[in-house]
Amino acid sequence: MDNFEEYIRTNRDDLDRYEPSPSVWKKISRKTDRNRRISMIRYSSAAAILIIAGLAAFFYLRNERKNNGTSVSMQNQQELRETEVFYNSMFNNMYNEAKTILTSQPVVDKELKEGVAQIDSICADLRKDLKDNVSNREVIEALIRNYRIKIQLLDDMLKVVKQNENDDKKPVSHEL
């Protein structure tokens, strides 16, 4: 490493003579901005999921102690409605952001819609089970897991599509 450092010190003026073009810096800036937005969306989604899960656990434990095991079906129904609204709005927001990407990939869009349709049919079956026994927490937890799977499916599809786009757009270049 000492020889390399010595070479850099002695030839610094020759090495500093060239500067990258402004277009290189613009490309770097665009890539970092896009990565920040994607990271922010993921962190926001994860934080929202954690908040909802924490609130659900808090309310469940509070009601369990308060009622000593009695049925709290009205409150469970309200929590379930709030949870469904949350997950559906999260999915719809992610899907709306991804529409431009998915329209350029009709096969992926079709697969995503088929997967979501399967998950929605499972959710419909679970809702029927809930009508039979509203206080059954296992059914509610299964429903929430399906909503999470639905969101994860969309997120995974987007990662694959974006990775493919990046691989296709990556020019063969020897610039820094």
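Visitor: Which ring does the charged end of Lys 150 sit over?

Guide: A charge is said to sit over a ring if NZ of Lys or CZ of Arg is within 6 Å of the ring centre and within 35 degrees of the ring normal. Here the ring belongs to Phe 91, and the charged end of Lys 150 is 4.9 Å from its centre. Bear in mind that this is a predicted model, in which local features need pLDDT of at least 70, side-chain atom pairs count only at pLDDT 80 or more, and totals for chains, interfaces and linings use all residues. Side-chain values use heavy atoms, with hydrogens and water left out, and residues are numbered from 1 along each chain as its sequence is written.

Visitor: What does the pLDDT of the chain average?

Guide: pLDDT is the predictor's confidence in each residue, from 0 to 100. The average for this chain is 77, and 85% of the residues score at least 70. Over residues 68-72 the value falls below 50, and that stretch has four contacts in the model beyond near neighbours in sequence; a contact means heavy atoms within 4.5 Å.

Visitor: How many helices and strands does the secondary structure come to?

Guide: Both are DSSP runs numbered from the N terminus: helices are H or I with at least four residues, strands are E with at least two. This chain has six helices and zero strands. As for contacts between residues at least 6 apart in sequence, 71% join residues at least 24 apart.

Visitor: Back to Phe 91: is it buried or exposed?

Guide: Buried means under 20% relative accessible area, exposed means over 50%, and partly exposed lies in between (1.4 Å probe, protein chains only). Phe 91 counts as buried because its relative accessibility is 8%. Tyr 95, at 17%, is therefore buried too. Of the chain's 176 residues, 25% are buried.

Visitor: How is the aromatic pair of Phe 91 and Tyr 95 arranged, stacked or edge-to-face?

Guide: Rings of Phe, Tyr and Trp (its six-membered ring) pair if their centres lie within 6.5 Å; planes under 30 degrees apart are stacked, over 60 edge-to-face, and the rest tilted. By this rule there are four aromatic pairs. Phe 58 and Phe 59 make an edge-to-face one, 5.5 Å centre to centre with 65 degrees between the planes. Both residues are partly exposed, Phe 58 at 47% and Phe 59 at 27%. Phe 91 and Tyr 95, by contrast, are stacked, with 6.2 Å between centres and 15 degrees between planes. They are four residues apart in helix α4, so about one helical turn separates them. Elsewhere, Phe 86, Tyr 87 and Tyr 147 form one aromatic cluster.

Visitor: Which residues in the largest nonpolar core touch the most other members?

Guide: In soluble globular proteins, nonpolar side chains tend to be buried together. A nonpolar core is a set of buried Ala, Val, Leu, Ile, Met, Phe, Trp, Tyr and Cys residues joined through side-chain atoms within 4.5 Å. The largest one here has 28 residues, and Leu 102, Leu 112, Leu 143 and Leu 154 touch the most other members. Two or more residues come from each of α4 (73-103), α5 (106-132) and α6 (137-169), with α6 giving the largest share, 11 residues. Leaving aside residues up to four places away in sequence, Leu 102 touches Tyr 95, Val 108, Asp 109, Leu 112 and Leu 154.

Visitor: Where is the place of Ser 104?

Guide: Ser 104 is in the loop between α4 and α5. At 46% relative accessibility, Ser 104 is partly exposed. Ser 104 and Val 161 are 57 residues apart in sequence, with 9.6 Å from C-alpha to C-alpha.
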